[in-house]
Amino acid sequence: MRIIRAGDSALLAEFESLDQVLGHFRALDRERPGGVVDLVPAARTLLVSFDPTETNVQVVHRWIATTPPLSEGATTIEEVTLEVRYDGADLEEVGESTGLGADGVVAAHTGSLWTVAFGGFAPGFAYLTGGDPRLHVPRRSSPRTTVPSGAVGLAGEFSGVYPRQSPGGWQLIGTTDAPLWQPDRTPAALLRPGHTVRFVAL
């Protein structure tokens with residue numbers, strides 16, 4: 001782990017793997033000291049923002065550096081269920097490329113308990129990891145200019161759901177009507193880092 005300054009009110013912890021990020025995120029999120037405002041995990045980093053009027057950078061640095069990571073089963077995790085119509089434009093192609101067939105892709109996708117690793121790309125978009133390794137497929141060679149809201153996709157080791165209509169290059173396997181981002185909801189994002197997600201076929 002390497003910890004560097006990120007402005008006057010944040011520290012950025014850098015890690016070698018996503019698993020390390022998630023282990024430290026679980027540990028730090030479990031009991032935050034006074035003055036810590038937010039924890040923002042990403043693929044290889046964890047941003048820790050704090051209020052300098054309530055704590056100082058040395059205290060936060062020491063907290064990050066000395067808190068041991070937690071394994072996935074060490075904390076109580078909120079589980080979110082998403083109902084999906086497996087009608088995606090790329091479902092048949094993903095079935096062929098993985099050798100699973102369309103039904104096998106659905107079985108593998110619904111048979112995994114996914115974890116929200118981090119958010120990004122668009123408000124409410126969550127990068128889900130921990131799925132069946134047989135579902136690791138590359139992004140499309142030619143991204144679509146328009147992907148519909150609620151589209152469920154695969155890319156690399158991740159699965160994700162587009163919270164709104166946007167361009168995108170993920171392999172689309174289904175659609176959900178779940179409201180992933182609602183600005184008038186607290187919190188606005190349905191899927192947040194540390195949550196687990198279970199997909200259910202309609």
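Where does Phe121 lie? Phe121 sits in the loop between β6 and β7 (126-129), where helices (H or I, at least four residues) and strands (E, at least two) are DSSP runs, numbered from the N terminus. Hi everyone, let's start there. Phe121 has a positive phi of about 75° although it is not a glycine.

Two housekeeping remarks. This is a predicted model, in which local features need pLDDT of at least 70 and side-chain atom pairs count only at pLDDT 80 or more, while totals for chains, interfaces and linings use all residues. Residues are numbered from 1 along each chain as its sequence is written, and side-chain values use heavy atoms, with hydrogens and water left out.

Now the aromatic rings. Rings of Phe, Tyr and Trp (its six-membered ring) pair if their centres lie within 6.5 Å; planes under 30 degrees apart are stacked, over 60 edge-to-face, and the rest tilted. By that rule, the structure holds 10 aromatic pairs. One of them joins Phe125 and Trp170, edge-to-face, at 5.3 Å centre to centre and 85° between the planes. Phe125 belongs to the loop between β6 and β7 and Trp170 to the loop between β11 (166-168) and β12, so this pair ties together parts 45 residues apart in sequence. Both Phe125 and Trp170 are buried, meaning under 20% relative accessible area, with exposed being over 50% and partly exposed in between (1.4 Å probe, protein chains only).

Next come Tyr127 and Phe158: their ring centres are 5.5 Å apart and their planes at 80°, so this pair is edge-to-face. Tyr127 is in strand β7 and Phe158 in strand β10 (residues 158-161), so parts 31 residues apart in sequence are tied together. Tyr127 and Phe158 are both buried. And our opening residue comes back here: Phe118, Phe121, Phe125, Tyr127, Phe158, Tyr162 and Trp170 form one aromatic cluster.

On to Ser112. Ser112 is found in the loop between α4 (101-110) and β6 (113-119), and it is buried, with a relative accessible area of 8%. Its side chain reaches the backbone nitrogen of Asp132 at 3.1 Å. Leaving aside neighbours within four places in sequence, Ser112 is in contact (heavy atoms within 4.5 Å) with Gly130, Gly131, Asp132 and Val197.

Last, a backbone detail for anyone checking omegas. The peptide bond from Thr186 to Pro187 is cis, with omega near -5°. Pro187 itself is in the loop between β12 (171-175) and β13 (196-201). Thanks, everyone!

Technical notes:
A polar contact is a pair of N or O atoms within 3.5 Å; within protein, one must be able to donate a hydrogen and the other to accept it, and residues adjacent in sequence count only if both atoms are side-chain atoms.
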